[in-house]
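Look at the fold shown below. Follow the helices first, then turn to the inside of the protein.

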Amino acid sequence: MIRAIPSMDAWLAEAKKHESAPLCGMYLTHNGVVRETAKAKVRSGEENTKPVVGMKFSYDRAKLDEVIAETYKMDGIYYIKTWLAEGELETGDDIMYVLIGGDIRPHIIDALQYLVGRIKNECVEEIEIYE
């Protein structure tokens with residue numbers, strides 16, 4: 001089941017109306033997409049991989065909520081919104097969106113890297129489908 005894809009314009013408009021907006025000097029987004037190149041090739045350099053044509057994607061909502069709560073504890077982070085797909089995806093489909101707002105660029109960059117890394121490593125299951 002793939003949920004409706006969010007609008008980053010709508011998300012940013014919502015964030016700028018949120019009670020945390022006066023504390024935020026920057027918003028940073030992440031948009032993960034299903035790519036044709038296998039994870040094993042990109043991350044480990046394995047050359048004998050077939051092209052990816054899709055992915056089965058799921059996530060643990062409770063774990064995601066826990067990771068988001070921990071990210072809010074980082075210095076200068078005041079706003080977080082996430083969207084993750086579910087089900088069978090095709091190459092080019094959106095996997096996830098993440099929006100983080102905070103006080104200064106270094107805090108937000110660190111928080112985005114932390115949050116997306118934790119999501120990818122602890123919250124999701126990605127099963128690549130090959131050609």
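Are α3 and α4 roughly parallel or roughly antiparallel to each other? Start with the angle in this predicted model. The axis of helix α3 (residues 61–72) and the axis of helix α4 (residues 105–123) cross at roughly 160°. Angles over 145 degrees count as roughly antiparallel. The two helices are therefore roughly antiparallel to each other. Their axes come within 10 Å. The crossing of α3 and α4 is right-handed.

The table sets out each side.

| Helix | Residues in the helix | Residues in the contact |
|---|---|---|
| α3 | 61–72 | Lys63, Leu64, Val67, Ile68, Glu70, Thr71 |
| α4 | 105–123 | Ala111, Tyr114, Leu115, Arg118, Ile119, Glu122, Cys123 |

What kinds of residues make up the contact of α3 with α4? Eight are nonpolar, one is polar and four are charged.

**One residue up close**

Thr71 sits in helix α3. Is Thr71 buried or exposed? Its relative accessibility is 0%. Buried means under 20%, so Thr71 counts as buried. Now leave aside its neighbours within four places in sequence. Thr71 is then in contact with Ile77, Ile80, Ala111, Tyr114 and Leu115. Among these, Ala111, Tyr114 and Leu115 belong to the α4 side of the helix contact.

**The nonpolar core**

The largest nonpolar core has 36 residues. Which of them touch the most other members? They are Phe57, Leu84, Val98, Ile100, Leu115 and Ile119. Helices α1 (8–17), α3 and α4 each supply at least two residues. The largest share comes from α4, with seven residues.

**The whole protein**

Step back now. The protein has four helices and six strands. Along the sequence, they follow the pattern α-β-α-β-α-β-β-β-α-β. The C-alpha atoms fill a box of roughly 50 × 30 × 25 Å, taken along the principal axes. How much of the protein is buried? Buried residues make up 37% of the 131 residues. Last, consider contacts between residues at least 6 apart in sequence. Of these, 74% join residues at least 24 apart.

Note on methods: Residues numbered from 1 in each chain as written. Predicted model: local features only at pLDDT ≥ 70, side-chain atom pairs only at ≥ 80, totals over all residues. Heavy atoms only, no water. Axes fitted to C-alpha atoms, helices over the stretch in contact; angles between N-to-C directions. Parallel < 35°, antiparallel > 145°, perpendicular 65-115°, else oblique. Left-handed = near helix turned anticlockwise from the far one by under 90°. Contact = heavy atoms within 4.5 Å. Nonpolar A, V, L, I, M, F, W, Y, C, P; charged D, E, K, R; others polar. Core = buried A, V, L, I, M, F, W, Y, C linked by side-chain atoms within 4.5 Å. Buried < 20%, exposed > 50% of the residue type's maximum accessible area, 1.4 Å probe, protein only.
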